Amino acid sequence: MYIRYEVADRIATITLDRPEAANAQNGELLDQLDAAWVRAAADDDVAVIVLRGEGKHFSAGHDLKDKSWPDPSKITLDRIYGLESRRYLEYSLRWRNVPKPSIAAVQGRCIAGGLLLCWPCDLIVAADDALFSDPVVLMGIGGVEYHGHTWELGARKAKEILFTGRPVTAEEARQVGMVNKVVPRAELDEQTRELAAQIATMPPFGLRQAKRAVNQTLDVQGFYAAIQSVFDVHQTGHGNALSVNGFPILVRLDDMKANMR
């Protein structure tokens, strides 16, 4: 099992529990994570959902050694599109739309696919050592599948981190509104739980309506349509890699992840 699930005091805590791999996401982890979200959404005893990562880092992103992918010689764009539309786009959108408040507690590295886990959450509490990055331009792709960059960071900051591949610090993320609060690493879990406990005292129907109002406003502004459209733009990167290299995603970003264990 790659996911731990606990409920106490009306708070469901979902923990990414693969610290030896910096919580890199293989297919099993994502399927288990989605099941935990669905479970929390359906539980009337849960008012708030907290997502956290065990260990030094929140998530190193997609596991480039994931055995659920076929042999590179057998990969087709149709296969990639089907897998990614379900595990990356569909899952993230479902988590975003769960009708309960959610909080991501992020520490250490949050790379590429890690953004697909924290961005769908309603609030983000970041440790002061948190670094958020999406360096997949190195792979010839214009950003991860759930392309929330512009909405989370603003257009120019989004372009900057995509063009350069550099990480955004927790404080930078707070300044542009992507992160709600930056706390000392040692206090991350405690302060996140305090925030969740405060929210859990509010009427559940009011919380659901408040969340729906904000999400619906973003959707009217174009969020949902943009996310769907840019997912297709993302797939052109895989198509290009297939035509040039014969395989789309099994490119190793060793230099970036070398110090993450």
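Trp 37, Tyr 91 and Trp 95 come together as one aromatic cluster. Keep in mind that this is a predicted model.

Reader: What pLDDT does the protein average?
Author: Good place to start, as the model is predicted. Of the residues, 90% score at least 70. Residues 248-252 stay under 50, though. For the protein, the average pLDDT is 90.

Reader: How many aromatic pairs does the structure hold?
Author: One of them joins the rings of Tyr 146 and Phe 223. Another is formed by Trp 151 and Phe 223. The structure's count of aromatic pairs is four.

Reader: Are the rings of Tyr 146 and Phe 223 stacked or edge-to-face?
Author: Two values describe such a pair, namely the distance of the centres and the angle of the planes. Here the centres are 6.1 Å apart and the planes stand at 65°. An angle over 60 degrees counts as edge-to-face. Because the planes of Tyr 146 and Phe 223 are at 65°, the pair is edge-to-face.

Reader: How many residues apart are Tyr 146 and Phe 223?
Author: Tyr 146 sits in the loop between strand 7 and helix 4, while Phe 223 belongs to helix 9. Their pair links distant parts of the chain, with a separation in residues of 77.

Reader: Is Trp 151 buried, exposed or partly exposed?
Author: Trp 151 lies in helix 4 and pairs with Phe 223 of helix 9. Buried would need under 20% relative accessible area, and exposed over 50%. Phe 223, at 5%, is therefore buried. Trp 151 has 32% relative accessibility, so Trp 151 counts as partly exposed.

Reader: How far apart in space are Asn 240 and Asp 43?
Author: Asn 240 has its place in helix 9. In sequence, Asn 240 and Asp 43 are 197 residues apart. From C-alpha to C-alpha, their distance in space is 44 Å.

Note on methods: Residues are numbered from 1 along each chain as its sequence is written. This is a predicted model: local features need pLDDT of at least 70, side-chain atom pairs count only at pLDDT 80 or more; totals for chains, interfaces and linings use all residues. Side-chain values use heavy atoms; hydrogens and water are left out. pLDDT is the predictor's confidence in each residue, from 0 to 100. Contact means heavy atoms within 4.5 Å. Helices (H or I, at least four residues) and strands (E, at least two) are DSSP runs, numbered from the N terminus. Rings of Phe, Tyr and Trp (its six-membered ring) pair if their centres lie within 6.5 Å; planes under 30 degrees apart count as stacked, over 60 as edge-to-face and the rest as tilted. Buried means under 20% relative accessible area, exposed over 50%, partly exposed in between (1.4 Å probe, protein chains only).
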